[in-house]
Amino acid sequence: MVSESSVEKKQKANLGRNDSSSSSSTDENDFRRPDVHKKFHLFGRHKSLHAALGGGKLADILLWRNKQISGGLFAGATIIWFLFEWIGYHLLTFICHSLIVSLAILFFWSNLSLFVNKSLIEFPKIELPEEPWTQVALLLRDQFTCAFGIFREVASGNDLKKFLYAIFGLWIVSIVGRWFNLLTLVYIIFVMLLTVPYFYEKYDDQVDAYGEMAIKELRRQYSQLDEKVLQKLPIPFIKDIKQD
């Protein structure tokens, strides 16, 4: 009986040790295991697209939360592009003709109402809202500041990778500039600002998945270029960067 009890005690002690070791190993594995369920987002954003765009009226316009303003801007930009690109209107002529038509309609309308209603029309006072224009100005300021900072960083000669990205991007823009004039290019960018965020918010899962695959492929191509070409270039600062 004594031997059996001692054997049972030893077995229980061994089981306790195994359980503690297995639990500690599982805890370590859970701690070391990466978060495979972490969702990939383009540009490394951790907020919703509406919040990433500022969360104000500008974001509402870009994401078509206010469909009247967004549709009006889209239609107005399309009409202006059609007039300048297809009809051959010039900017100064277009402004003058628009003012002539507007002033003539308002002048005759006010005089006609004076004869019919015996009273002058009181035109409403037009005041542009401050908040959207302030947001646009701040957004442009931030973008220009970021662009100048990137230009300074690339021109400093410390990062070959960013230098190659900048050269490749400018080369692509120069090719696109051969296909379109400045007005058409501005119109395309404006249309993209009004359409790309909307469709990206609508199909963000699919776009993020394809974007992740594209980024992985670009990194793989760059690693091959770096291994086969860049490391063999006789440039001193490349070796310094690799050592760091």
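Visitor: How many helices and strands are there in the protein chain?
Guide: The model is predicted, so local features need pLDDT of at least 70, side-chain atom pairs count only at pLDDT 80 or more, and totals for chains, interfaces and linings use all residues. Residues are numbered from 1 along each chain as its sequence is written, and side-chain values use heavy atoms, with hydrogens and water left out. Helices (H or I, at least four residues) and strands (E, at least two) are DSSP runs numbered from the N terminus. On that basis the protein chain has 10 helices and 0 strands.

Visitor: What share of the residues of the protein chain counts as buried?
Guide: Buried means under 20% relative accessible area, exposed means over 50%, and partly exposed lies in between (1.4 Å probe, protein chains only). Of the 244 residues in the protein chain, the buried share is 13%.

Visitor: Which residues does the UniProt annotation "transmembrane region" cover?
Guide: UniProt positions are given in the numbering used here, feature names are shortened, and annotations may be inferred rather than shown by experiment. In the model, residues 91-112 are 100% helix, with end C-alpha atoms 32 Å apart, and residues 185-200 are also 100% helix, with end C-alpha atoms 21 Å apart. According to the unreviewed entry, the annotation covers residues 68-84, 91-112 and 185-200.

Visitor: How are helix 8 and helix 9 oriented to each other, roughly parallel or roughly perpendicular?
Guide: Axes are lines fitted to C-alpha atoms, for helices over the stretch in contact, and angles run from 0 to 180 degrees between N-to-C directions. Helix 8 (residues 182-202) and helix 9 (residues 204-228) pack at about 95°, with axes 5 Å apart. Angles under 35 degrees count as roughly parallel, over 145 as roughly antiparallel, 65 to 115 as roughly perpendicular and the rest as oblique. Helix 8 and helix 9 are therefore roughly perpendicular.

Visitor: Which residues make the contact of helix 8 and helix 9?
Guide: Contact means heavy atoms within 4.5 Å. The residues are Tyr 200, Glu 201 and Lys 202 of helix 8 and Asp 204, Val 207 and Asp 208 of helix 9.

Visitor: Which residues of helix 9 are buried?
Guide: The 25 residues of helix 9 should span 36 Å at 1.5 Å a residue, which agrees with the 36 Å between its end C-alpha atoms. The buried residues of helix 9 are Asp 208, Gly 211 and Asp 226.

Visitor: Where is Trp 64 placed?
Guide: Trp 64 has a positive phi of about 60° although it is not a glycine. At 22% relative accessibility, Trp 64 counts as partly exposed. Its place is the loop between helix 3 (57-62) and helix 4 (67-87).

Technical notes. Expected span 1.5 Å × (residues − 1).
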